[in-house]
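Reader: I'd like to learn how to read a model like this one, feature by feature. Could you walk me through it?

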Amino acid sequence: MKILVPVKRVIDYNVKVHVKSDNSDVDLANVKMAMNPFCEIAVEQAVRLKEAGIASEVIVVSIGDKSCQEQIRTALALGADRGIQIDTDTVTDSLSAAKLLKAVVQEEQPQLVIMGKQSIDTDNNQAGQMLAALLDYPQGTFVSDMSVESDKVQIVREVDGGLQTLELDLPAIVTVDLRLNDPRYASLPNIMKAKRKPLAVKTPAELGVELNNKVTLVAVNPPADRQAGIKVASVDELVEKLKNEVKVL
Amino acid sequence: MTILVIAEHDNAELKPATLNTLAAAQQIGGDIELLVAGFNCQAVADSAAGIPGVTKVLLADNAAYEHELAENISKLIVALVSGHSHILASATTNGKNYLPRVAALLDVNQLSDVIAIESADTFQRPIYAGNAIATVKTDDVVKLLTIRGTAFDAVVDTGGSAAIETVSEVCDNGNVRFIKEELAKSDRPELTTAGVIVAGGRGMGNAENFDMLYELADKLGGAVGASRAAVDAGFVPNDLQIGQTGKVVAPDLYIAVGISGAIQHLAGMKDSKVIVAINKDEEAPIFSVADYGLVADLFDALPELSTQI
């Protein structure tokens, strides 16, 4: 079976973001970018399914300008077979992303789409569910364990109260959580090999999708600042402060 | 303007998160209808009808809705959307699961984790793990929001008497099946509504040492939480995780023990009223948000703290 893995280029998760002085957005100039951590887990899962002989081909797709080819190459170095860049300068909203991915799914006909549950920039947690709805596919979100058996996938979801297990008929959409696997690092020979793997570029127009976002970003502000407090010298002093200063005990 | 709020429940009881979401709906203003979709959930509808400010309770009681499967719930909500200006759900794993599906079926976007209402079409929500707050305006015909519970004070839940209307619409996709659920059973308060939280990190060392946190939490009438590191290490189950992608909490008192304070963890707790950090590394980032920091070995400090409380 074919597996499609959408990946997103985002700010590196170790970098602290700063808001631009005109409050129009966060400042991403000269900031280190990387593959969204949840997308890495999705790539790893797809590659493992290929290594286990379950998947025949792993296709990575990313939406963005030319710079996102860097993340597609990373995924290819991790073991994906070929890449697709959907070329756009527009910052895509979740619904537009889902429409673009739907067009790719209809062209490629994968049995399984594995993607991150959310990106760490906009923190939306929507694209996978939207894609599933547009295709009328079943979905497994917050997935921490999965096993594929012929035309079904059994998934374990990390829900608020604990764990939930569902069985989905394929084709299906799975969005992955942190504990599904530990992604590998790309080896140097694989990074070199990835440069020769095929990478197609398509435009939203070629996919027949019109980007039409009705949500506008009015302003971006830093969160209310929390001042560091004081250091106490002992448990006695801590208890005294909690009892008498802030009266929470 | 009529707002449709989706109730969070377990077929037996209405979950407190619903009351926070209703508070957000009241700030938007207008009539508020509350959808209770589940199976054998009449009791939930009855208590929902007692919430002042709810104009009408819609009860969809069918086996297809028993486990809140997103495939079925989303189609039910779409069938009910006519006449509603907003659809609000709690930003729980449930709400996050079905509401984006509703949005896609209606060809609109969704605003996730809303923390403030500026007007009927303009809202605030955190981005980049809460390191920036975005103000966003939506021109979509129906406005879909998930609401972060900790940002809105719960409405009172008794004294009202709304009518209950039965919804007979059955949406059953059939391409997804519920297999099982393993839910934590605990007499302690729920993490997202607890007044006091004692949370442990990698520094706790192992699962057994978390007993010290449970002991302290029980003395304070609080809940126990954990950092991602502690969950990944297998010390505690996933439902205790606090952070950007886990639960977001804002108790009156948060005691972080052996937690270094990665930005992803801070994103989940920095709105707590009073933060106490106990860590032996005085450079740990958790101290930058703590009101009271104690640089100490937690294995000395914790037992001492428990005896003094």
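**A helix to start with**

Author: In α3(B), the buried residues are Ala70(B), Glu71(B), Asn72(B), Ile73(B), Ser74(B), Lys75(B), Leu76(B) and Ile77(B). Helices here are DSSP runs of H or I with at least four residues, strands are E runs of at least two, and both are numbered from the N terminus. "Buried" means that 20 or more other C-beta atoms lie within 10 Å of the residue's own; 12 or fewer is exposed, in between is partly exposed, and the C-beta atoms are placed from the backbone.

Reader: Why is helix α3 of chain B described as largely enclosed by the rest of the structure?

Author: Eight of the eleven residues of α3(B) (residues 70-80) are buried, so the helix is largely enclosed.

Author: Before going on, some ground rules. This is a predicted model, in which local features need pLDDT of at least 70 and side-chain atom pairs count only at pLDDT 80 or more, while totals for chains, interfaces and linings use all residues. Residues are numbered from 1 along each chain as its sequence is written, and chains are lettered from A and ligands numbered from 1 in the order in which they are written.

Reader: What are the ipTM and pTM scores of the model, and what is the mean pLDDT of chain B?

Author: The model scores 0.95 for ipTM and 0.95 for pTM. As for pLDDT, the predictor's confidence in each residue from 0 to 100, chain B has a mean of 96, with 100% of its residues at 70 or more.

Reader: How many helices and strands does chain A have?

Author: Chain A has six helices and 13 strands. Its C-alpha trace spans about 65 × 45 × 40 Å along the principal axes, and 47% of its 249 residues are buried.

Reader: How many residues does each chain give to the contact?

Author: Chain A gives 65 residues and chain B gives 70, where contact means C-beta atoms, placed from the backbone, within 7 Å. On the side of chain A, β9(A) gives the most, with eight residues. That side divides into 33 nonpolar, 19 polar and 13 charged residues. Nonpolar covers Ala, Val, Leu, Ile, Met, Phe, Trp, Tyr, Cys and Pro; charged covers Asp, Glu, Lys and Arg; the others, Gly among them, are polar.

Reader: And how do I read a sheet?

Author: Strands of a sheet pair through backbone hydrogen bonds, either parallel or antiparallel. Here two strands pair if DSSP finds at least two bridges between them. Four strands form an open antiparallel sheet in the order β12(A)-β8(B)-β7(B)-β6(B). The edges are β12 of chain A and β6 (116-117) of chain B, each with a single partner strand, so one side of each has no neighbour in the sheet. Between β12(A) and β8(B) there are six antiparallel bridges; Leu217(A) stands opposite Val136(B), and Asn221(A) has Ile133(B) as its bridge partner.

Reader: In which sense do β13(A) and β16 of chain B pair?

Author: They pair in the parallel sense, over three bridges, with β16(B) covering residues 292-295. Leu294(B) is the bridge partner of Val232(A) and also stands opposite Ile278(B). Strand β15 (residues 274-279) of chain B runs parallel to β16(B), joined by four bridges.

Reader: What about the nonpolar core?

Author: In soluble globular proteins, nonpolar side chains tend to be buried together. A core here is a set of buried Ala, Val, Leu, Ile, Met, Phe, Trp, Tyr and Cys residues joined through C-beta atoms within 7 Å. The largest one has 184 residues, and among those touching the most other members are Val5(A), Val43(A) and Val36(B). Helix α1 (residues 37-51) of chain A provides the largest share, eight residues. Not counting residues up to four places away in sequence, Val43(A) touches residues including Val5(A), Val60(A), Leu78(A) and Pro183(A).

Key
Contact = placed C-beta atoms within 7 Å.
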